[in-house]
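Grab a pencil and work through these exercises with the model open beside you. Try each task on your own before you read the solution.

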Amino acid sequence: MPFHRRTQPSEHEQVPQAQRVSSSLAVEQVPQAEVPSTSLLLPAAIDRSGGGLDEIFGESNEETNECNDQGTEDLCLYDDEIVHMALRKEAISLVPFLLYKYWTNETVSNVDMLSHITVGHRRYFPLILDKASLFLELLFGLDIKEVDPILHTHVLFIAAGITYDGVMSDVQGMPKTGLLIIVLCIIFMEGNCATEEAIWYVLNRMEVYSDKEHFLYGNARKLLFEDFVSEQYLEYQQVPGSDPIVCEFRWGPRACAETTKMKVLEHWAKFSGVDPMAYPSLYEEALQEEEGISTPDITSLREE
């Protein structure tokens, strides 16, 4: 059974865990009016990027068209919402190119990325790259890092220290690490073990269902019960003596070896748009683990 944390819960932690974490997933770092959805928002946003956002632009303020008719390269800076939507659209359109660079294991330069951005928006490249990086991390569990500050080249790699992306499973295509990190987050926030019900409660809020194919993750149930378990990132077992039968997930040995509670908590905080310290008892537990990893055993040092 999940252990009960000994520290006093904060206001963030006083509501039931599954409800709290699912609510935090519904929060994104852009105004909610931008994409009306009670789910994770980002998957829905990218799913609609082929038409939905274009429709939003078509229905936006008529002043946008006036700017285009005038042949100006700048955005209509007097309308912050239009600017925000334009930059977000550019970021979404950049994601497939960055994924391609990840699949081909190639570096990507600022020049490469700028060639995929509308000329009039290139002055906002740092903001666009920040948004695209956030999409990559939260959806696919990928980080982007500049490795050459002179040539401004970047590499893409799996986030949180994890070495598995799920691309080689029989559900081909998109990296699955984003979903894996979310599940690890749920387990940690539920007291280091989480029932199947608690996990699906949160995933359903992300529009990820056990009986439906997801457009990014494919067969989520197979990933959860087979792929992540066989790769030793998750352990799934029946709670002894439970009646009716209750099964729960825990971190597997590979998750414990490759990532930390602090890394997944920081990842979760990005979803929620808050500082990791907004969850004080979880932050304290994660910090204690970090200090235990980084601080050598004094007794063993003396023996040496």
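## Exercise 1: A buried pair

Glu285 has a relative accessible area of 15%, so it counts as buried (under 20% relative accessible area; exposed is over 50%, partly exposed in between, with a 1.4 Å probe and protein chains only). Before we go on: this is a predicted model, where local features need pLDDT of at least 70 and side-chain atom pairs count only at pLDDT 80 or more, while totals for chains, interfaces and linings use all residues. Residues are numbered from 1 along each chain as its sequence is written, and side-chain values use heavy atoms, with hydrogens and water left out.

**Task.** Find out which residue forms a salt bridge with Glu285, and say where the two partners lie.

**Solution.** 
- Step 1: The partner is Lys261, and the closest N and O atoms are 2.7 Å apart.
- Step 2: Helices and strands here are DSSP runs (H or I, at least four residues, for helices; E, at least two, for strands), numbered from the N terminus.
- Step 3: Now check Lys261: with 16% relative accessibility, Lys261 counts as buried too.

## Exercise 2: Comparing salt bridges

**Solution.** 
- Step 1: Asp227 and Lys222 form a salt bridge whose closest N and O atoms are 2.7 Å apart.
- Step 2: Asp227 has a relative accessible area of 8%, so it is buried. Lys222 is buried as well, at 18%.
- Step 3: Over to Arg254 and Glu231, whose side chains meet in a salt bridge at 2.5 Å, N to O. This pair links distant parts of the chain, 23 residues apart: Arg254 belongs to helix H11 (residues 253-258), and Glu231 to the loop between helix H10 (220-230) and strand E7 (234-238).
- Step 4: By the salt-bridge rule, the count comes to eight.

## Exercise 3: Checking a helix

**Task.** How many of the 12 residues of H12 are buried, and what span should the helix have?

**Solution.** 
- Step 1: H12 is mostly covered, with nine of its 12 residues buried. Among them are Met262, Leu265, Trp268 and Phe271.
- Step 2: Take 1.5 Å times one less than the number of residues. H12 should therefore span 16 Å, and this agrees with its end C-alpha atoms, which are 16 Å apart.
- Step 3: Look just past the end of H12: Gly273 takes a positive phi of about 75 degrees.

## Exercise 4: Reading a sheet

**Task.** In what order do the three strands of the open sheet come, and which helices pack there?

**Solution.** 
- Step 1: The order is E1-E3-E2, with antiparallel pairing (two strands pair if DSSP finds at least two bridges between them). The edge strands, each pairing on one side only, are E1 (108-109) and E2 (142-148).
- Step 2: E1 pairs with E3 (residues 153-158) over two bridges. Val108 stands opposite His154, and Ser109 stands opposite Thr153.
- Step 3: E2 and E3 pair over six bridges, and Leu142 stands opposite Ile158. Their hairpin has four residues between the strands, and His152 takes a positive phi there, near 55 degrees.
- Step 4: Helix H5 (residues 80-103) lies across E1, E2 and E3, running at about 75 degrees to E3. Helix H7 (residues 125-140) packs on the sheet, touching E2 and E3, and its direction makes about 135 degrees with that of E2. For these angles, axes are lines fitted to C-alpha atoms (for helices, over the stretch in contact), and angles run from 0 to 180 degrees between N-to-C directions; contact means heavy atoms within 4.5 Å.

## Exercise 5: The whole chain

**Task.** How many helices and strands are in the protein chain, and what share of its residues is buried?

**Solution.** 
- Step 1: The protein chain has 14 helices and eight strands.
- Step 2: Of its 304 residues, 49% are buried.

Terms used:
A salt bridge is a side-chain nitrogen of Lys or Arg within 4 Å of a carboxyl oxygen of Asp or Glu.
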